[in-house]
Amino acid sequence: MLGFSPFLSQLGGLLGGDGSEFDPNSPWMWVYIISIAIIPFFMMYAQKFQSRVILGEISKSLVKLKTMKEGARKEAVDYIKTTVKTTTSPSSDPAAGVDRFLEYFAIMPVDLDPNGIVRKLDHIMRVRDDRLRAEVRKLCAGASDQEVSKIENILEAATALNMIYKIVRHFYLMGKRTTSMFVLVQLQMVMPLLLEEAEALQKAINAFKRGQPIGDGIGPMVVGKMMLGKEKKLAARETVYSEDEYKGRKLYLLKAEGPAGTVGRPGEAITRLAGDMGIKIDAIIMIDAALKLEGERTGEVAEGIGAAIGGIGVEKYQIEEVATRLDIPVYAVIVKQSVQDAITIMRKEIADAFDKVTNTVYSVIEDKTSEGQSVMVIGVGNTMGVGQ
């Protein structure tokens, strides 16, 4: 049998020693012994140590999210109390209503049979919007439409923060209970992105409280200026349009009705104008904010083809359906920005792109249409703080 001393001597040789006899007075030999002894220890407990480290990091992020979530709720309650205190009973406390609002949810329609799914989505979202608007009006009875839209935007940001916190807490507790590295590592990897989005939502609340234009409002801002001095007609709910002339072309300018914080219903508007009312349109130009890739400059303007509009897809489907049915080309002009830029107060770089976007739109009109034709220009985005 191999003795302990010869074994250590051989081991020392394998680890770079000279393979001589075991010398208990040599410090390097004891380093070898400790190194070998802790290998089984790490084999048994390394994953647990790693889990504890990951749980600690996620726990710190969860505390940040909780602080942001509670701060957003408090800001919403305080804003309702201070802004609409003259229209509500002094004894009424909006906190209960705000808490109820934060927990609202919408169940998406079944998609096993995709036929007609957009119509179902449109119905669900309209019912949701009507219900939320009714709840906000109940919270601040007598407030103006603009104040109602501000509070609605603030509550939607607070609701999104509340949802992010609850989802992260769910997976954190699940990972902690099951000690599943698979769950914890995935959560750890997406946490920086979630924190970035949460911070953007937190900053968005300040923008909504002030009623100032946000980065997403660059499209409505460009079209709103083109509509100044023109008669405004209602095209759909919270959506208006004006008529204008430019170098022999007929222009139909469409945007959400500002300065309230709404995106309007451009899909329904174009369906009504080009479909039901039979207005002949030869080209559609859409202006919208678009997410930039890492490395791209904020406020950069680009041209493209297709319906430039976000959301869950209902409005985009309606615009594409009308454009395809009537064979109308759709051109897009976008202003690049990050998620944080899109929902916070408009940055200078985005505002500076205003003239370039306007010139690009007129350039597309001149290049893609001829005299006597009609063009619809749509400013897509939240029109908070942007009139027309």
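## Strand pairing

Asp244 stands opposite Leu251, a residue of strand E3. In this predicted model, E2 and strand E3 (residues 249-256) run antiparallel and are joined by eight bridges. The two strands form a hairpin with two residues between them, and Lys247, located in the turn, has a positive phi of about 50 degrees.

E2 (residues 239-246) also pairs with strand E1 (residues 233-236), again in the antiparallel sense, over three bridges. Within this pairing, Lys233 is placed opposite Tyr241 of E2. E1 and E2 likewise make a hairpin with two residues between the strands, where Glu238 adopts a positive phi near 60 degrees.

## Nonpolar surface patch

Ile34, Ile36, Ile38, Ile39, Phe41, Phe42, Met43, Met44, Tyr45 and Phe49 together make a nonpolar surface patch of about 990 Å². One of these residues, Phe49, belongs to helix H2, which comprises residues 27-83. Phe49 counts as partly exposed because its relative accessibility is 43%, and partly exposed residues lie between the limits of 20% for buried and 50% for exposed.

How values were computed: Residues are numbered from 1 along each chain as its sequence is written. This is a predicted model: local features need pLDDT of at least 70, side-chain atom pairs count only at pLDDT 80 or more; totals for chains, interfaces and linings use all residues. Side-chain values use heavy atoms; hydrogens and water are left out. Two strands pair if DSSP finds at least two bridges between them. Helices (H or I, at least four residues) and strands (E, at least two) are DSSP runs, numbered from the N terminus. Patches are made of residues with over 30% relative accessible area and no salt bridge: like charges are joined within 9 Å, nonpolar side chains (Val, Leu, Ile, Met, Phe, Trp, Tyr) within 5 Å. Accessible areas come from the Shrake-Rupley method with a 1.4 Å probe; for residues, only the protein chains shown count as cover. A salt bridge is a side-chain nitrogen of Lys or Arg within 4 Å of a carboxyl oxygen of Asp or Glu. Buried means under 20% relative accessible area, exposed over 50%, partly exposed in between (1.4 Å probe, protein chains only).
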